[in-house]
Amino acid sequence: MSNTVSTSSTSLSHPATFLPSGSGDLGAFLSANHELIAEALNAKGAVLFRDFNVPDPAYFDAAVELYGGENFAYAKSLSNAVRVNVTPRVFTANEAPPTTEIFLHHEMAQTPIYPSKLFFFCEIAAEEGGATPLCRSDLLVERLEADTPDLIAAFREKGVRYTNVMPAADDAGSGQGRSWKSTLSVDSKADAEARLEDLGYSWDWQADGSLRVTTPRLDAVRDVGGGRSAFFNQLIAAYRGWSDSRNEASRSITYGDGSAIDNDSMMQVIAVADELTYDHAWQAGDVVLVDNYLVMHGRRPFAGKRRVLASLLS
């Protein structure tokens, strides 16, 4: 085994990288080097395992299990992305069309229920494009505190609310296309309303059977330990990408008190995040571990076949 761990404080630059020696058994490496991996993950927020032997999704599933930690089942999440399980703990990263860009976000930060860590496995690299952008949210907070202290103070104080419309049936053509039945794990409108009430959401049924929901106030900035804070939310993804036949991105977010987040504020956040973003260009067989509290991720558009799978930890 060899490894490269950079601790640059100015950008992600690239994930900490581990390369194999010997058999290249990823599961054995994850099991035997948990502390070393944890140190790298804390320093960089993302860890790349390259050139290990990861032949298929079943092996990836077993390797993640050997890493340890409780599985975060996608079926029980409140995410609105359409995804397909390929093993009990491994599923497609997103079923949205190749031309759709998935903008920077912390996984499921638009809901009260979210994972702590994400494993990604590149089974098939795209012929063109398809990189996964990664952005350190703690560095983003540092920059915003220095450049726009009033803005980051408002996010800290007020938090954020998200609004989206969930279809009556899965819409794989949208990044927000998961049906309300699947999202809420219910079979009826009555059960959906009961679940939403328990979660503190407000809601409104639409004439076509879709469901418009608004979250309770959620934090926009999170303490991640070591004196660091992260811009833990889905503001960029919602503002830039929550658009389809049911949703209008500009109406998808407000501050937690219901007041508007103006365009100039969001453009400032987006500009700084873009400066701090590293695009991970996938090679087939790559596995990347992401600290979901520390690093945002997304997906660039691509051409050709691309298959990146995910497995989440609570």
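The model is predicted, so local features need pLDDT of at least 70 and side-chain atom pairs count only at pLDDT 80 or more, while totals for chains, interfaces and linings use all residues. Residues are numbered from 1 along each chain as its sequence is written, and side-chain values use heavy atoms, with hydrogens and water left out.

**Cysteines**
- The structure holds zero disulfides, a disulfide being a pair of cysteine sulfur atoms within 2.5 Å.
- Cys-122 has 1% relative accessibility and Cys-135 has a relative accessible area of 0%, so both count as buried, a term that means under 20% relative accessible area with a 1.4 Å probe and protein chains only.

**Helix α4**
- In helix α4 (residues 137-147), the buried residues are Ser-137, Asp-138, Leu-139, Leu-140, Val-141 and Leu-144, where helices are DSSP runs (H or I) of at least four residues and strands (E) of at least two, numbered from the N terminus.
- These buried residues pack against β9 (132-136), α5 (149-158), β14 (228-230), α9 (263-275) and β18 (295-299), with contact meaning heavy atoms within 4.5 Å.

**Cavities**
- Two cavities of 30 Å³ or more are present, a cavity being a set of points, on a 1 Å grid over the protein atoms alone, where a 1.4 Å probe fits but cannot get out, and lining residues having an atom within 4 Å of a point.
- The largest cavity holds about 90 Å³ of space, a volume being the space filled by probe spheres set on grid points joined across faces, edges and corners.
- β10 gives the most to the lining of the largest cavity, with three residues.

Conventions:
Buried < 20%, exposed > 50% of the residue type's maximum accessible area, 1.4 Å probe, protein only. 1 Å grid on protein atoms, 1.4 Å probe; cavity = no way out; pocket = protein on both sides within 12 Å on 5 of 7 lines; lining within 4 Å.
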